[in-house]
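This report covers a sheet and the helices around it. The sequence and the structure come first.

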Amino acid sequence: MKDRVVVTGIGVVSPLGLDRHTTWQNLVAGKSGVDQISSFDTDGFRTTIAAEVKEFDASQFVGRKEARRMDRFVQLGAVASLEAVQHAGLNITAENSTRVSVMISSGIGGIITLSEQVGVLGSRGPSRISPFLVPMMLPDMASGQVSIMLGAKGPNYSTVSACSSGADAIGQALEVLQQGDADVVLAGGAEAAICPIGVAGFNACQALSMRNDDPAGASRPFDAERDGFVMGEGGAVIVMETLKSATDRGATPIVEIVGYGSTADANHITQPAPEGEGAARAMKIALKKAGLQPDEIGYVNAHGTSTPLNDKYETMAMKGVFDEEAYNVPISSTKSMTGHLLGASGALEAAITSLAIAKETIPPTINLRNADPDCDLNYTPNESRRTRINAALSNSFGFGGHNASLAFQRYDD
């Protein structure tokens with residue numbers, strides 16, 4: 001028998017709030033975090049909107065000197081980690097430090113720092129490059145910096161699987177705990193790619209919404225008039241631990257995490273496999289590992305990017321998993337409010353799924369007003385719904401054909 005694994009703490013920094021409580025309240029209220037980009041001049045850009053984290057100052061949490069040596073994605077992950085640890089009531093000591101692991105992923109890493117330093121190279125020459133360029137840009141640095149900050153000495157690494165990165169980090173953490181290699185893991189994701197090269201790059205591959213005159217209505221998963229995703233940024237970290245660890249230290253489980261499925265499309269660098277074949281396999285693997293039947297799932301937090309192919313094929317994938325029951329399963333895409341946090345999206349949505357189970361509330365898919373015959377399931381349009389959820393899935397898919405699905409269930413002792 002593998003150890004049961006529970007979530008005991010959640011930390012969130014998102015476009016909807018600087019903590020989990022504010023983020024959750026705005027989610028269930030159906031508020032959008034999308035607005036005109038304020039972090040740089042968007043003159044000449046095809047897309048001028050994004051879901052930015054507003055009024056964020058990492059120095060209040062990690063200190064001014066330390067914050068200056070962190071790319072923004074690391075800052076977001078560090079602050080989310082501190083909230084998660086506090087929420088879990090976790091005290092890392094010399095006695096338990098080697099049994100505490102950190103796995104915080106990023107799909108892109110320190111692109112803001114890298115792009116700024118490329119500018120320095122061009123304008124001022126190689127001798128003026130910051131000595132912190134490399135350690136600030138590496139995608140593993142959120143995980144590494146949090147480990148240093150907290151003194152956590154267990155397994156420490158960052159999965160990089162594009163927009164599946166955060167979900168894969170949590171899935172890998174589940175397996176590390178079940179294998180007995182750690183007692184506690186801080187797992188999640190952090191991303192900050194809203195910068196000129198980030199927006200221009202995604203525009204170049206025609207992935208972003210260009211609904212610039214309607215920011216709040218731009219992210220519209222499963223809607224017939226969707227035209228691309230909206231970039232978001234943020235960090236989300238959950239404290240996962242064996243049930244024995246949680247019980248021994250008197251922690252209160254929020255939910256239990258029971259399954260993880262990971263697959264590859266082997267199809268295309270940016271497009272999902274036809275009919276969502278790889279996505280369906282990931283969900284089926286997660287359900288099998290969890291020991292759950294499809295009809296036991298009471299909620300799916302969809303990847304739901306607001307792109308034409310993802311939403312169509314994810315819908316087909318869910319039909320392949322749930323058969324006729326697919327029409328009865330409540331689904332939502334919270335990217336309609338948070339935007340797409342890229343490598344951090346799976347972590348944020350795992351946190352949201354955990355809160356949905358604990359708080360018995362399904363967040364809505366906002367901006368869903370025009371029916372698409374290819375997307376005909378129950379996406380919880382525009383208003384949240386109160387209901388008991390015994391088990392749920394959270395889906396994440398990424399460029400390169402990566403698919404990840406996480407299964408959670410209500411904790412019963």
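The model is predicted: local features need pLDDT of at least 70, side-chain atom pairs count only at pLDDT 80 or more, and totals for chains, interfaces and linings use all residues. Residues are numbered from 1 along each chain as its sequence is written, and side-chain values use heavy atoms, with hydrogens and water left out.

Helices (H or I, at least four residues) and strands (E, at least two) are DSSP runs numbered from the N terminus. Two strands pair if DSSP finds at least two bridges between them. Nine strands form an open sheet with mixed pairing, in the order 4-5-6-1-7-13-12-8-9. Its edges are strand 4 (100–105) and strand 9 (331–332), each pairing on one side only. Strand 1 (residues 5–13) pairs with strand 7 (residues 255–264) in the antiparallel sense over three bridges, and Val5 stands opposite Ile257 in strand 7.

Two helices are listed with their angles (0 to 180 degrees between N-to-C directions, from lines fitted to C-alpha atoms, for helices over the stretch in contact).

| Helix | Residues | Angle |
|---|---|---|
| Helix 11 | 277–290 | about 145° to strand 7 |
| Helix 14 | 345–359 | about 170° with strand 12 |

Just after helix 12, Asp323 takes a positive phi of about 55°.

Note on methods. Contact = heavy atoms within 4.5 Å.
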